[in-house]
Amino acid sequence: MTNILITGASQGIGRATAIKAAKKKSFVGINYSKNSDAAESCLEAVKSHGGDGIILKCDVADNIAVKDMFKKFLDKSGTLDGVFNNAGITGPISPIQDLDPADLKLLIDTNVSGAFFVAHVLTFYQLNGQFLKSTDWFRNNTFWVAAAG
């Protein structure tokens with residue numbers, strides 16, 4: 001079984017990718033931040049398509065929470081074959097004079113810092129040889145993002 005962690009997996013492209021992975025009998029880490037019902041629905045869909053998984057509540061903008069998310073995933077799966085660093089939010093669309101600086105900070109914290117924190121933790125494990133046993137498999141299946149929609 002292939003083990004894949006997908007950030008932002010509860011909806012949209014992340015959910016579609018989780019289902020695509022399930023069709024390949026993968027174990028999927030379903031990360032979400034706020035919508036637990038969507039995460040539960042995604043896990044049900046993963047199981048109904050032949051996969052299995054775990055729900056991982058984590059705000060990727062919190063670097064300590066990201067480390068904990070990886071640990072929980074590895075405690076359950078044992079290994080990690082790939083990560084889809086997908087979590088992100090859309091900020092308000094408005095003229096700059098109407099943009100609340102707090103909204104901009106949230107957008108940057110999630111979309112920029114969050115992506116960095118996931119990549120940072122992943123790199124730490126890779127450099128220490130602790131997982132990613134079949135990087136060829138993941139590289140050969142990068143079509144998921146395009147095909148999932």
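Residues are numbered from 1 along each chain as its sequence is written, and side-chain values use heavy atoms, with hydrogens and water left out. Because the model is predicted, local features need pLDDT of at least 70 and side-chain atom pairs count only at pLDDT 80 or more, whereas totals for chains, interfaces and linings use all residues.

**The largest pocket**

- The largest pocket holds about 390 Å³ of space.
- On a 1 Å grid over the protein atoms alone, a pocket is an open set of points where a 1.4 Å probe fits, with protein on both sides within 12 Å along at least five of seven lines. Its volume is the space filled by probe spheres set on the points, which are joined across faces, edges and corners.
- The lining comprises 20 residues, and Gly8, Gln11, Ser33, Gly88 and Ile89 are the closest to the centre of the pocket; a lining residue has an atom within 4 Å of a point.
- Two or more lining residues come from each of helix 1 (12-22), strand 2 (27-32) and helix 4 (101-127), and helix 1 gives the most, with three. Helices (H or I, at least four residues) and strands (E, at least two) are DSSP runs, numbered from the N terminus.
- By class, seven lining residues are nonpolar, eleven polar and two charged. Ala, Val, Leu, Ile, Met, Phe, Trp, Tyr, Cys and Pro count as nonpolar, Asp, Glu, Lys and Arg as charged, and the others, Gly among them, as polar.

**The loop between strand 1 and helix 1**

- Gly8 lies in the loop between strand 1 (3-6) and helix 1. Beyond its neighbours within four places in sequence, Gly8 is in contact (heavy atoms within 4.5 Å) with Gly14, Arg15, Asn31, Asn86 and Ala87.
- The C-alpha atoms of Gly8 and Ala39 are separated by 9.2 Å, and the two residues are 31 apart along the chain.
- Ser10 is found in that loop too, and Ser10 counts as buried because its relative accessibility is 8%. Buried means under 20% relative accessible area, exposed over 50%, and partly exposed in between (1.4 Å probe, protein chains only).

**Strand 1**

- Asn3 and Leu5 point one way from strand 1, Ile4 and Ile6 point the other way, and all are buried.
- Strand 1 pairs with strand 2 in the parallel sense over four bridges; pairing requires at least two DSSP bridges. Leu5 stands opposite Gly29 in strand 2.

**Cysteines**

- Cys42 is buried at a relative accessible area of 0%, and Cys58 is buried at 4%.
- The count of disulfides (pairs of cysteine sulfur atoms within 2.5 Å) is zero.
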